[in-house]
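Student: I would like a close look at one part of this model. Could you take me through it step by step?

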Amino acid sequence: MSEEKSMSEQHEIITGIEAPIYLKYNFTAGAAPTRFLAQLKKGKLTGQCRAEPGAPVYVPPRGSCPATGLPTEQEVEVSDKATVQSFTIVHIPIPGNPIEPPFVVANLVADGANISFIHLMSECDNAEVHIGQRVQAIWKPEDEWDYAMDNIKYFKPIDEPDVPVEQIGKLPVTGLEG
Amino acid sequence: MSQPDILNQAFELGFTYTRSTGPVVGRFLTELKKRNIVGIKASDGRVVVPPMEYDPDTAEALSDFVAVGQEGEVVSFAWVKHPREAHPMDKPFAWALIKLDGADVPMVHCIAAKQESDVSTGARVKAVWADDTIGFITDIRCFELVKE
Amino acid sequence: MKEIAIVGYQQSDCVSDAGALNEVELIIPVLERVFEQVGISNAQDVDFVCSGSCDYLQGAAFAFVLGVDALGAVPPIKESHVEMDAAWAFYESILKIRMGHADSALIYGFGKSSPGELPIVLSQQLDPYYLAPQWVDTISLAALQARLMLDQGKITERDMAEVVARSRRNALNNPHAQLKGDVTADEVLAEETYLSPLRKADICPVSDGASAAVICTVEKAQEWGLPYAVITGIDHIIESHNPGMRDLTDSVSTRKAAENAGMGEGKVDVAEFYAPFSHQEIILTRALGLGDDTSINPSGGVLAGNLMMASGLSRIGEVFNRIVRGEADRGLAHTTSGPCLQHNLVAILEKGEAA
C-alpha cells in the first residue's frame with residue numbers, strides 16, 4: 001500500500017490520545033458513617049462497637065467490626081484527646097488544600113477507641129513529633145460545624161506524659177491517668 | 001436524637017488518562033485527522049473498520065490497511081429518544097451499526113436525524129466531519145442520511 | 001477428582017436504591033443468613049473466600065476491600081476478588097477446590113449501582129479507542145442487537161413482550177424481585193418505545209443488593225449434613241470486543257460453554273439465564289436449543305431485578321434452590337458480562353445422591 005504510506009508521511013503519526021473519563025455519582029454515606037457524622041456535626045467524636053462488653057471501638061466506624069464481620073450497633077463517645085500511633089512529615093502540598101508543607105500527618109487513636117484515624121497535627125515542632133505523644137483536637141468555631149471530619153482543624157500536642165507503645169490504642173475514654 | 005436518614009454528596013470522578021495508540025489504532029486516527037477512513041484486512045480477507053490490531057479468529061497481527069469510503073449502509077440502529085448528558089447529541093438521534101463502502105464489518109457510530117422514521121435499516125449515510133479534526137474517533141462527528 | 005457441591009445460597013432483595021446502606025452494610029445481612037443456612041460462624045469456617053464487585057458502579061475506589069470487613073478476617077483468611085460478577089468468583093472458587101487448595105469456599109457478590117448512571121458507567125468497559133469515547137451505553141447496544149433480530153425476522157416485538165410478561169408473572173413468586181406483576185404481552189406492547197426498538201419493560205432495572213453462596217466438596221457437604229446440588233460442569237467463553245465482528249443474533253460462546261460444561265449429557269429441567277434485555281433470553285434459549293420441557297427463568301430472571309456483580313451468582317443460586325427443593329433434578333445457570341452477551345458462563349447443577 002505505497003499510496004497509504006505516502007499519505008501517512010505527510011502528517012505526524014498519532015501515537016497517543018487524551019481520553020479523559022468523567023463520571024458523575026451521588027455518593028451516600030453508609031448508615032453507620034451517617035450516625036458518626038451526625039454526632040460530629042454536634043462536636044462529638046464517637047466510635048462504634050458490637051453490643052458486647054470489651055468489644056473493640058472503631059473510629060471512624062464503617063458499619064462492621066472487621067475482626068468478626070458483625071455489625072457495630074453500639075455508639076460510644078470517645079475523647080477528643082488522642083495519642084500518636086504513627087506519623088509522617090509531608091513535604092509536598094496536598095492539591096487543593098491550603099496547608100503548606102512541611103506538615104505532619106498522623107495516625108491518631110482517640111482515648112476510648114481501639115483503632116487509629118488519620119488527621120493533621122499542627123502548632124507543634126515537626127522535629128519533636130513522636131510516637132506515644134499526646135494531642136488534642138482543635139475544633140473550628142461551632143457555627144462552621146458540618147457533617148465532616150474537618151470540623152477538627154488539626155490536633156495539637158498537650159502537656160501529658162507519653163503513652164507507652166504497648167498501651168497505644170488501649171486507653172479508656174478518660175485517658176492514661178483514668 | 002434526630003439525625004439525617006441519608007447524607008449524600010454529588011461528585012464527579014475523573015480519570016484523566018492518556019492512551020498509547022500503537023501502530024494500528026494510531027494509523028487509523030492519523031487518517032481520521034486527515035479526514036480519511038481506513039480499515040484493515042483480517043486473515044480471511046474481510047475489511048474491518050475501524051481497524052483491529054489482531055484477528056479475532058486467528059490472533060494473527062494485522063497490518064494490511066485499506067482505504068474505505070465515507071459513505072455506507074445502516075445495518076442496524078437504535079433510536080435514542082432521551083439523550084443522556086454524556087451522549088454526543090443533545091436532541092434525539094440514532095446509534096447505528098454502519099457498514100462503510102469497501103468494508104465488510106460494520107462500525108458503531110451515531111446518526112443525526114430529525115425523527116426515527118427518517119432512519120431505516122439499509123439506508124445510506126455519510127460521514128460528517130468535526131470542524132477541527134484531532135485524531136480521535138469523534139473526528140467523525142456523526143453520520144447523516146444521504147438524500148437520494 | 002473431587003466432586004463439588006453448592007450447600008448454601010442467599011440474596012438480598014433487589015431494590016432500586018439501597019439508600020444509606022454502604023457495601024459492607026449490604027453484605028452483612030446476606031452473609032449472616034448464608035452462615036446460618038450452612039451452620040458456620042463466619043468466613044473462618046471455610047477454606048477460601050472470593051467476591052465479585054466493580055468499584056466503578058458506586059465510584060468508590062477499593063470499595064471491594066470494604067467488603068472484607070463483613071467477613072471476620074481476623075486471623076487472616078485466604079481471600080480473592082474478581083472485578084466481575086460473582087459467578088466468576090464462583091468459577092475461581094471451583095478451581096481452588098479442584099486444585100486441592102480448599103475443601104470449601106464462600107462466594108459473595110454485591111453492587112450499589114444507584115449512585116451512578118449505570119448504562120453510562122458500563123460504556124466505559126468498551127474498547128477505549130473506538131467505543132468508550134463515544135459514550136455508547138449498554139441499552140443502546142442491546143437495542144442495536146434487538147433490531148437485528150427483528151429485521152431478520154428472528155423475533156417479533158410480541159415475542160419480546162411475552163418474555164417480559166412471563167418474567168413479571170414468575171417474579172410474583174420471588175420475594176427478592178423488584179419488578180413483578182400480572183402483566184400481559186398486550187399491556188407491554190401498549191407501552192411506547194423508550195430506546196427503539198426497546199421498551200422500558202424490555203430492559204432490566206437498576207438494582208442495589210448482594211448475594212452469597214457456599215460451595216464445598218461433596219464429602220464435606222455430607223459431613224455437614226446439608227442438602228446440596230452437585231456442580232457437574234462449568235465453563236466460560238468470551239467473544240470479540242468488537243460488536244461488528246460478532247453475530248449478535250446468536251450466542252456462540254454460550255453454546256460452546258454449555259457444551260463444555262456437559263449440558264447435553266442429560267435433560268435440563270430448569271435454566272436461569274442472565275438476560276438483561278428481553279430479546280437476549282430468546283437468543284440464549286435458542287443458542288442452547290432448549291424447548292418446552294425446560295422451565296426458563298422461573299425466578300423472573302434479571303428483568304425482575306438486576307444486581308450488577310451479584311445476579312450471575314443468583315442465577316446459580318436459583319437453580320440450586322429448585323434442585324434442593326426437589327422441583328428439578330438438573331439445571332443450567334448462565335451469566336453474562338460485557339455488551340450484547342459478549343462473555344458467557346454456564347454451570348450445570350444436578351441433584352446430589354443423598355439430597
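Student: Among contacts in chain A between residues at least 6 apart in sequence, what percentage join residues at least 24 apart? After that, please look closely at strand β2 of chain C.

Tutor: Happy to! This is a predicted model, in which local features need pLDDT of at least 70 and side-chain atom pairs count only at pLDDT 80 or more, while totals for chains, interfaces and linings use all residues. Residues are numbered from 1 along each chain as its sequence is written, and chains are lettered from A and ligands numbered from 1 in the order in which they are written.

For chain A, the answer is 57% of the contacts between residues at least 6 apart in sequence, where a contact means C-beta atoms, placed from the backbone, within 7 Å. Chain A has two helices and 11 strands; these are DSSP runs numbered from the N terminus, with helices being H or I of at least four residues and strands E of at least two. Of its 178 residues, 31% count as buried, that is, with 20 or more other C-beta atoms within 10 Å of their own C-beta, which is placed from the backbone. The C-alpha trace of chain A spans about 85 × 40 × 35 Å along its principal axes.

Now to β2(C), which covers residues 48-52. Five of its five residues are buried, and this holds for both faces: Phe48(C), Cys50(C) and Gly52(C) lie on one side, Val49(C) and Ser51(C) on the other. β2(C) has pairing partners, where pairing takes at least two DSSP bridges between two strands. One is β4(C), residues 104-112, joined to β2(C) in parallel by five bridges. Another is β3(C), residues 79-82, also parallel, with four bridges. Ser51(C) takes part in both pairings: it stands opposite Tyr108(C) in β4(C), and its bridge partner in β3(C) is His81(C).

Elsewhere in chain C, helix α4 (residues 86-98) packs with helix α12 (residues 311-324) at an angle of about 65 degrees, their axes 5 Å apart. The axes are lines fitted to C-alpha atoms over the stretch in contact, and angles run from 0 to 180 degrees between N-to-C directions. α4(C) and α12(C) are therefore roughly perpendicular, the word used for 65 to 115 degrees. Ala86(C), Ala87(C) and Phe90(C) of α4(C) meet Gly312(C), Leu313(C) and Ile316(C) of α12(C). By class, this contact has five nonpolar residues, one polar and no charged; Gly counts as polar, whereas Ala, Leu, Ile and Phe are among the nonpolar ones.

Terms used: A residue is buried if 20 or more other C-beta atoms lie within 10 Å of its own, exposed if 12 or fewer, and partly exposed in between; C-beta atoms are placed from the backbone. Angles under 35 degrees count as roughly parallel, over 145 as roughly antiparallel, 65 to 115 as roughly perpendicular and the rest as oblique. Two residues are in contact if their C-beta atoms, placed from the backbone, lie within 7 Å.
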